[in-house]
Amino acid sequence: MDKPQRVVLRERDAAGTLTRTAVSHIGLSVPDLASTAQFYRRVLGMVVHRALPGGGLRLGWGRGHHVLDLVEGEAGLRFYAFEVRDGNGVDGIAARLAAAGHPVGELDAGQLDAGQLNAVAGPARGITTIDPHGTEVQFHTTVERDGETAADTGRRPIKYQHITLGTDDVETMVGFFTGVVGFRISDQLDDGRFAWLRSDRDHHTLAVVDVGRGGGLDHYSYDLAGWADFKAWCDRLTDEDVDVTWGPGRHGPGNNLFVFFDDPAGNHVELSAEMEKFHDDRVTYVPRRWKPVPNTVNLWGGQLASWRRTSEGK
Ligand SMILES: [Fe+2]
């Protein structure tokens, strides 16, 4: 097999604009709504916040902003969203999107349950656009998150932490998110087929990986409180009859602990802890370029996720 091509992904104009932006919620279409919702209640400790118009369910951790909108249908990613806490963040993104010729719409208040007022920032508002693969992406202002970082971290993760999108064009996705939206590149594979992007102090809140087709979810991840909880969660998955599909292990990029399982719709769900922190105000960092070998994403043993191949075919 030919040696993999070396590709250097470059940050574009708006890179670094966002420093206080994180994933917020995600919308999935699932073939069996009832069993999938029940799975998230049983395994991840979620509760149903409310029914969605048209028959879906909104889930979260009971207080504050929700995490997951489920509707019944063919399995797929319907939309993904970010909470932008940067000053002028949402308006800035909207202006950059419009200037670059991307469609910008106002986010429906029902998407945010904007009735819950934030004492500091007022009612949440947001915008919606589409990413280069045509998937809806939402950006909204500060919302209440008092359901997160709550007690009982052995029964539920701390928060939804990152999303990894499948693509067949990593360069275009990185161009969109660094050139227009405002992310930075934290790390990449040397063959340009995987890039980890940051928008706050976490090593990545968003990643894009070449899966040979455009669009859709590769996996998404929830944060655990730390090593002790991570260990307990690996046992908990066994107790709940949830098969681990990858890990436990430690990623190179991000240096985070990981363990993966599938939800009933076949979505790859990650539990993660100890992600590397970035303090851009204090250090200069040059993105690393990792070899496209299994040990990069699995420092402890090199086994690759069953659904993934490196450019070397391993
Ligand atoms: Fe991940």
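1. **Ground rules.** Because this is a predicted model, local features need pLDDT of at least 70 and side-chain atom pairs count only at pLDDT 80 or more, while totals for chains, interfaces and linings use all residues. Residues are numbered from 1 along each chain as its sequence is written, and side-chain values use heavy atoms, with hydrogens and water left out.

2. **Confidence.** The chain has a mean pLDDT of 90, with 92% of its residues at 70 or more; pLDDT is the predictor's confidence in each residue, from 0 to 100. Helices (H or I, at least four residues) and strands (E, at least two) are DSSP runs, numbered from the N terminus.

3. **The iron site.** His162 (NE2), His219 (NE2) and Glu270 (OE) are the protein donors of the iron ion, at 2.1 to 2.2 Å. Donors here are N, O and S atoms within 2.8 Å of the metal (3.2 Å for Na, K and Ca); water is not among the atoms, so sites may look incomplete. Along the chain the donors follow the spacing H-x56-H-x50-E. His219 belongs to strand S13 (residues 217-223) and Glu270 to strand S16 (residues 268-273), so this pair, 51 residues apart, links distant parts of the chain.

4. **Aromatic pairs.** The whole structure holds 19 aromatic pairs. Rings of Phe, Tyr and Trp (its six-membered ring) pair if their centres lie within 6.5 Å; planes under 30 degrees apart are stacked, over 60 edge-to-face, and the rest tilted. Phe39 and Phe261 make a tilted pair, 6.1 Å centre to centre with 50° between the planes. This pair joins helix H1 (residues 33-44) to strand S15 (residues 257-262), 222 residues apart. Phe39 is buried at 7% relative accessible area, and Phe261 at 0%. Phe194 and Trp196 are stacked, at 4.1 Å and 10°, and both are buried.

5. **An aromatic cluster.** Tyr80, Phe82, Phe139, Phe176, Phe177 and Phe183 form one aromatic cluster.

6. **A hairpin to look at.** Strands S2 (residues 47-51) and S3 (residues 57-60) pair in the antiparallel sense over four bridges; pairing requires at least two DSSP bridges. Val48 stands opposite Leu59 in S3. Five residues lie between the strands of this hairpin, where Gly54 takes a positive phi near 90°.

Methods. Buried means under 20% relative accessible area, exposed over 50%, partly exposed in between (1.4 Å probe, protein chains only).
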